[in-house]
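Here's a quick tour of some packing details in the model below. Have the viewer open and follow along.

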Amino acid sequence: MDLIDNILPTPPDNKQSVLVVEDNDELRQFLETLLLEDYLVYSANNGQMGIELAIKHLPDVIISDIIMPINDGFELVSQLSQHEKTSHIPIILITAKVDQESQLKGLSLGAVDYITKPFEIKNISLKLKNILRRQKKLLASHLSQNQHSKNKFTDNEADRLFLQKLDHILTHNYQDSGFSVAKLISKLGMTERQLQRKFKKLLHEKPATYIRKYRLKKAKELLLKGQAIKVISDNVGFNSQTYFSQSFKLAYGQSPKEFAHSPPEN
């Protein structure tokens, strides 16, 4: 078989996922067994299929061997770190090579860590937990930042380009009340599942929530400029003025009227 894409047993949706890319059947099955208790596990037995599964499923972490048929681990890292759908996914490389040149090559291409053969089971578990913990901290830090600083959140060029593209799309479409997640999906060229997972890992919220917050941020700017409240809801893409007012108060702790009369000093 060229591709293995089993999930046994099917775990809850809130479990984080790991893609294992390893051409050695015994080692791949060992890793699957090791990880299956705590993670949703996908697996592939060559680099090309690993790339395809990563784009399809957008796992939380990828563990990949380096020496494999079709595409090796270096090529896998290179392609996935530059792809806008997968650029946010951390990749751990498994290698029998301990020379610094090989390790530096993988890290320079975008890998986040190495596991050297032979390895300790505990070593893999700790590396996964540490990587996922770091991601969570980065996301928490991002959430406390201003919307305009989001491009500083990541030093990955593909991620920055994704955020810039997202911002461009919203800037030109937020006033259209018919602009929806479905239309965003179409403009980004992603499936709904891919978009949801990209937002979850990079922005830590759902696309619909992000669009609504973007519109509310624009509404706040218009209120500060003194635009009449009665027209702002239409200008930022809300069909209902009541829903606009409720959403604004939930987001900022004041109704649009209260905000207009006493905006915060900062």
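## Around lysine 127

Leaving aside residues up to four places away in sequence, lysine 127 touches Ile92, Asp113, Tyr114 and Ile115, where contact means heavy atoms within 4.5 Å. This is a predicted model, so local features need pLDDT of at least 70 and side-chain atom pairs count only at pLDDT 80 or more, while totals for chains, interfaces and linings use all residues. Residues are numbered from 1 along each chain as its sequence is written, and side-chain values use heavy atoms, with hydrogens and water left out.

Lysine 127 sits in helix 5 (residues 121-143); helices here are DSSP runs of H or I, at least four residues, numbered from the N terminus. Its relative accessibility is 16%, so lysine 127 counts as buried (under 20% relative accessible area; exposed is over 50%, partly exposed in between, with a 1.4 Å probe and protein chains only).

Helix 9 (residues 207-224) packs against helix 11 (residues 241-252) at about 90°, axes 10 Å apart. That makes helix 9 roughly perpendicular to helix 11 (65 to 115 degrees; under 35 is roughly parallel, over 145 roughly antiparallel, the rest oblique). Among the residues making this contact are Leu216 and Leu223 of helix 9 and Phe244 and Phe248 of helix 11. The contact divides into eight nonpolar, one polar and three charged residues (nonpolar: Ala, Val, Leu, Ile, Met, Phe, Trp, Tyr, Cys and Pro; charged: Asp, Glu, Lys and Arg; polar: the others, Gly among them).

Helix 2 (residues 47-57) and helix 8 (residues 192-202) have axes that come within 8 Å and cross at roughly 80°. Ile55, Lys56 and His57 of helix 2 meet Arg193, Gln194 and Arg197 of helix 8. That set divides into one nonpolar, two polar and three charged residues.

Which residues do ring pairs link into a cluster? They are Phe238, Tyr243, Phe244, Phe248, Tyr252 and Phe259. Rings of Phe, Tyr and Trp (its six-membered ring) pair if their centres lie within 6.5 Å; planes under 30 degrees apart are stacked, over 60 edge-to-face, the rest tilted.

Phenylalanine 248 is buried at 0% relative accessible area. Phenylalanine 248 and tyrosine 252 form a tilted pair, 4.8 Å centre to centre with 50° between the planes. Tyrosine 252 is partly exposed at 29%.

How values were computed: Helix = DSSP H or I, 4+ residues; strand = E, 2+ residues; numbered from the N terminus. Axes fitted to C-alpha atoms, helices over the stretch in contact; angles between N-to-C directions.
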